[in-house]
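Me: I would like to learn how to read the features of a structure like this one, step by step. Could we begin with the general idea each time, and then turn to the case itself?

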Amino acid sequence: MPGNPQDRVWAAIDLAALERNLGRIRSALPPHVRYVAVVKADAYGHGLYQTVARLMQCHADAFAVANVFEGAEVREVGAGWPILVLGAVLPGEEDHLVNYDLIATVSGEEEVKRFEKAARRAGQALRVHLKIDTGMGRLGVWHSDAEALFKRLEKSKHLVLEGIFTHFSSADSDLDYTRTQRDRLLRFIKKIPVETQRDLLVHADNSAGLESFTKDSPLNAVRVGLLQFGLLPYPTSLLSRLAVEPVLSFSTRVGLTKELPSGTPISYGQTYRLKQRSRIAVLTAGYGDGIPTASSNKAEVLIMGKRCPVLGRITMDQTVVDVTHIEHPVSPGDIATLIGRQGREEITVTEFSEWGNCIPWETFCSLTKRVPRVYQTSRVHT
Ligand SMILES: *Cc1c(COP(=O)(O)O)cnc(C)c1O
C-alpha cells in the first residue's frame, strides 16, 4: 500500500532490461565495434548514476555526455572508462577536462588553442576527438576544411587525437542524405594513413543510424542512446530485428473516484463535457510530473489492465480520467500506468509522446524531479 511520497508517482527503471538491451545490440554488431553508451541528460531521464553503474558492469566500452559536468558525474561512478564530451566546452570549463580525465570534442582552431593552454597549465596531455560536420550544421569542422585541423591536431604537443566522428541529421528519415554524410566522413578518413586510422576511434552512428557495418569499414564505434533504453527510433533499420525492451515505466495512482452527471464540464477551461453519467478517477500526477498538457483530452492511462481516456485539461498535480467502463470498482490507491504495461495492454513511450506532440527523447527528459526513479536491479541470468 502507498505510504511514501514515491508512491504517488514514480518511474520504475528495469536495469536488467537495460543490460539485456546492451547484449542484444552488441550481438548485432561486429565484435570489434566499440559500444559508446550515450548517457547525457541524466541518462535520458533514467538516472545517471544507476544507469552508468550498470552499463559499466556489463562492459560498455565508453560513455558520451553533453558537457563537462555530466562527464565529471560519470567519472565519479568509475575510473578507467573513456568519457567523451559531445557538446561545446565553454571558456573556463577546460580545467574540468583535465581534472576528470574527459575527452573533448574539437570543431575548430579556437578550441585547440584553449585546450592546449589548459593541458600545458596542467602539465598533462588532453585527449580529443575531432568532429566533422558532414551536413548536420551544428558542431564540427566543415568536412572540406577538416584536413588542416586534423594536421594541426596531429602536430599538437599537448593534445592527443583519439577519435574522429560525425553526427547524422536525418538517420531516421532520410537514408540518401545519411549516405551522403557517411560518404563525406569516409572520404576524409581515406586521406589518413591506415596506421594512424587503426589507432583512432571512428564513429558516426547513433541509434537510428546503426546499419552498415562492413568488415572493411573504418567505422569502429557506435554511439547508442535511445536504443539501449528500449526504443527503436527507426523501424526499418537493421536493428529493428532486435527485440529491445523498454527500460522505463511511468506510473501514478488513483486519488479519488466519483460519479458525475451527464454534461458536467471537466477541469480548467471546460474543454470536455461528460456525454453521459460517468465515473471519473482523479490521478495524483499532472504536468508538474511530466505529463504534457498537449496530451489533454488525448492521452490514455491503464487502470485494471484497461485503457482509460484523459478527460479535460491536464493540470499541474492532477489528471482526470474516465473509468465508467471498468466493471471492477476502481479505488483510491489503485495504480494508473502512464507508460508501461498492465496485463495485455501497453502504452509505449512512442504513443505517450505522440499524444503530447513531442519525441520520445523529449518525453524522457520531461519527467520532472518530483518523479522518483525506482530501480529494479536483479542481475540477468543467462
Ligand atoms: C544524443 C546523441 C547521440 C545518441 O543518439 P540516439 O539517437 O539517442 O541514439 C549520438 N551522438 C550525438 C552527437 C548525440 O548528441
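Reply: Let us start with the salt bridge, which is a side-chain nitrogen of Lys or Arg within 4 Å of a carboxyl oxygen of Asp or Glu. Across the interface of domain 1 and domain 2, that rule finds zero salt bridges. Please keep in mind that this is a predicted model, in which local features need pLDDT of at least 70 and side-chain atom pairs count only at pLDDT 80 or more, while totals for chains, interfaces and linings use all residues. Residues are numbered from 1 along each chain as its sequence is written, and side-chain values use heavy atoms, with hydrogens and water left out.

Me: How much area do domain 1 and domain 2 bury between them?

Reply: Buried area is the accessible area (1.4 Å probe) that two parts lose on being put together, summed over both. For domain 1 and domain 2 it comes to about 820 Å², with 67% of it on carbon and sulfur atoms. In domain 1, the residues that lose the most area to domain 2 are Tyr44, His46 and Leu226, which together make up 54% of what that side buries.

Me: How many residue pairs are in polar contact across the interface of domain 1 and domain 2?

Reply: A polar contact is a pair of N or O atoms within 3.5 Å, where, within protein, one must be able to donate a hydrogen and the other to accept it, and residues adjacent in sequence count only if both atoms are side-chain atoms. Across this interface the rule finds three such residue pairs, both residues at pLDDT 80 or more.

Me: What is the volume of the largest cavity, and which residues line it?

Reply: On a 1 Å grid over the protein atoms alone, a cavity is a set of points where a 1.4 Å probe fits but cannot get out, and lining residues have an atom within 4 Å of a point. Grid points are joined across faces, edges and corners, and a volume is the space filled by probe spheres set on the points. The largest cavity has a volume of about 50 Å³, and its lining includes Val36, Phe63, His129 and His203.

Technical notes:
1 Å grid on protein atoms, 1.4 Å probe; cavity = no way out; pocket = protein on both sides within 12 Å on 5 of 7 lines; lining within 4 Å.
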